[in-house]
Amino acid sequence: MSENAAIKILICQGTGGVSMGAKEVEAEFVRVIAEKGLSAVVGKRCDVIKTGCRGLCANDVLVDIITEEQGRVTYDFVKPEEVENIVNEHIVNMTILEKRKAKPYYNTFVKKSGLRGRGGGGFPTGMKWSFCAASPGKLKYVICNADEGDPGAFMDRSILEGDPYCIIEGMMIAGFAIGATYGYVYVRAEYPLAIERLQMAIDVCYEKGYLGKNVMGFGFDFDLRIKKGAGAFVCGEETALMASIEGERGMPRPRPPFPAVKGLWGKPTNINNVETFANVRHIILKGAEWYASLGTETTKGTKIFAVTGKVKHTGLVEVPAGMTVRDVIYSVCGGIANNRKFKAVQAGGPSGGCIPADILDTPVDYDSLIKAGAMMGSGGLVVMDETTCMVDVARFFLNFTRDESCGKCVPCRIGLKAMLDILEKITEGRGEASDIEKLLEMGTTIKKASLCGLGQTAPNPILSTIKYFRQEYEAHINDKRCPSNCCKELLLWQVIPEKCVKCGACLKACPVDAIKWEKGQVAELIKEKCTKCKSCYDACRFMAIE
Amino acid sequence: MSNATAQNSETEEKVEEPIDLTAANAVIDKYLTLHGNLMPVLQGIQDEYGYVPKPTIELVAERLNVYPSQIYGVLTFYAQFHLKPRGRFIIRVCVGTACHVQGATRIVETFFDKLHIGHAETSADLRYTFEKVACLGACGMAPLAMVNDATYGSMTVQKVEEIIADYNQRPMKK
């Protein structure tokens with residue numbers, strides 16, 4: 001390298017660079033410089049220099065151009081066909097190609113903030129973006145997953161209905177960062193109002209020039225469309241969701257290849273959840289450091305929870321990550337309704353697990369919840385009191401995942417059905433001593449052998465309830481009793497005179513006049529008329545019916 | 001209404017009335033150039049006819065150049081496509097986690113008893129279709145039921161009877 005060389009072109013020649021075509025880029029630079037007689041044109045020497053790896057392999061081929069006027073400018077994703085343009089613009093006309101410089105900046109920004117996917121898995125969002133950005137190809141897609149199928153979670157719906165613009169903004173930033181020009185929002189069809197409002201917001205953005213060709217004059221194109229789902233829980237799984245957008249049966253595909261490499265219509269695709277995109281705007285506006293200052297070491301920012309079930313104030317709450325489950329339920333949501341005792345909280349929907357009373361001080365972040373045997377999931381917290389039977393809850397979730405299994409792989413399709421049969425047997429009082437072991441064994445196998453997230457997590461509610469509430473399973477099997485008085489086949493259908501306070505609430509609740517009660521008298525349940533609907537049981541605040 | 005029986009296989013077999021395909025053609029025209037247009041087309045057709053009639057499947061296959069078997073595969077995979085005519089009033093009862101914990105099962109059973117139709121069935125007079133759904137997204141008001149677009153929160157067995165009495169009075173024409 002000579003001392004008076006005024007222009008240096010450094011081309012990364014590490015393994016990553018070479019595999020992405022650094023040699024071709026170098027040859028092209030040498031050819032263009034010779035052809036143009038560049039040294040004569042600018043009156044300076046031009047050196048093409050090979051350098052070692054500089055670490056940002058995701059964005060190879062990296063080319064640094066050092067000139068007296070501009071200093072050092074790094075271009076990423078350089079391809080041979082772009083070399084001539086770079087030489088013309090940067091070296092001859094001395095204008096920096098802004099567009100190429102901007103992308104890694106946003107990736108790094110989001111990476112620094114520590115934002116993790118809010119859909120449940122908790123994968124670092126910035127990393128996901130750089131994977132997709134690094135994938136070769138001109139056409140890339142950004143997808144927003146708004147197929148909020150977890151029963152008991154509805155924060156995505158409220159974001160879409162309340163502030164659809166923040167999703168559009170988040171998706172545009174993602175599109176800009178990874179070089180995607182087309183976006184889809186996959187919304188489940190059960191949310192007609194969300195679809196209507198989002199469509200309205202998209203229309204406004206097109207009108208104002210925030211979407212479409214040459215967005216706000218930045219030379220960046222971005223189109224956005226809503227894709228309406230048609231009622232299939234498994235479409236929340238990213239590969240199934242893409243199959244559904246393509247107009248096929250929404251069945252998952254094996255990974256790898258990951259969507260970032262080969263996604264929608266075989267093109268690199270980035271999928272994030274509604275809540276994740278909603279966070280992006282705030283990170284860009286207020287800074288990565290601000291965002292990273294909220295939450296815990298591993299889970300940054302805030303998380304929205306849908307708190308439902310037997311709690312006083314049901315609804316959506318947004319808390320900083322790391323608050324304890326106890327605080328969420330007791331301080332924020334007012335504790336348990338109807339004066340009853342807390343039993344457990346189910347976190348993470350059909351893929352999650354239960355948190356019993358003795359580990360209520362678990363902080364709500366991704367890793368602590370997984371350690372407790374539950375998971376963040378999409379953020380549904382269903383609170384259960386002493387009248388909720390854990391075996392019945394496990395049966396409920398399994399019934400749901402059994403229905404929603406797409407049927408592609410055997411462990412999920414047949415395994416879940418077989419497990420459900422055993423659970424039904426137990427709740428009907430026909431359980432056998434070996435059933436618990438059988439459930440544990442099958443659950444573990446299904447988790448290991450299933451193709452997608454649905455099957456891999458479906459046994460979680462059963463495994464976690466057995467872990468914490470084994471005694472309830474044993475009571476059903478050995479004593480043919482449901483300790484929570486929940487499983488109908490095991491109920492006695494009678495009033496406990498010692499507990500009855502003679503209030504008459506059960507009489508009002510009974511739809512078939514099967515309760516005999518007069519003022520000052522202990523109520524009586526007439527078994528012949530009773531339809532076992534349990535209205536009286538739920539109405540009684542004193543647990544006087546068993 | 002209470003003695004209406006569920007559609008059985010015999011009534012299904014009756015001769016299908018000829019279907020006017022103008023609306024279906026218009027839907028296909030609208031989405032013809034869109035990438036991945038099969039689902040929007042089928043959803044559009046269902047919006048027009050209330051279900052996806054058989055002749056429209058053949059039409060879509062012909063015009064979008066896909067196999068009818070592929071369309072049938074898509075229609076049967078998703079819960080929201082229907083191959084049979086649906087009731088005037090569609091009753092949906094949420095059986096999601098929060099509703100389940102709050103006693104959705106007895107709401108479902110009361111509807112079964114009163115309407116004599118099961119899950120995903122339509123009454124013979126086409127007044128009611130009953131469906132259990134996983135989550136309607138209003139868990140704070142559990143248990144929840146919907147009739148067409150009207151939502152009913154904090155459901156009780158008594159409320160089921162009131163709702164049925166109400167809708168029995170309503171006209172069949174839209």
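**Chain contacts and chain B**

Modeller: In this predicted model, 37 residues of chain A are in contact with 30 residues of chain B, contact being C-beta atoms, placed from the backbone, within 7 Å. Local features need pLDDT of at least 70 and side-chain atom pairs 80 or more, while totals for chains, interfaces and linings use all residues. Residues are numbered from 1 along each chain as written, with chains lettered from A and ligands numbered from 1 in written order.

Biologist: Which element gives the largest share of chain A's side?
Modeller: Strand 9 of chain A, with three residues. Strands are DSSP runs of E, at least two residues, and helices runs of H or I, at least four, numbered from the N terminus.

Biologist: And by class?
Modeller: That side has 15 nonpolar, 13 polar and nine charged residues. Ala, Val, Leu, Ile, Met, Phe, Trp, Tyr, Cys and Pro count as nonpolar, Asp, Glu, Lys and Arg as charged, the others, Gly among them, as polar.

Biologist: Switching to chain B, how many helices and strands?
Modeller: Eight helices and five strands.

Biologist: How do helix 4 and helix 5 of chain B cross?
Modeller: Their axes (lines fitted to C-alpha atoms over the stretch in contact, angles from 0 to 180 degrees between N-to-C directions) come within 9 Å and cross at roughly 120°.

Biologist: Which residues touch?
Modeller: Among them are B:Ile57 and B:Val60 of helix 4 and B:Ile71 of helix 5. The contact divides into six nonpolar, no polar and one charged.

How values were computed. Two residues are in contact if their C-beta atoms, placed from the backbone, lie within 7 Å.
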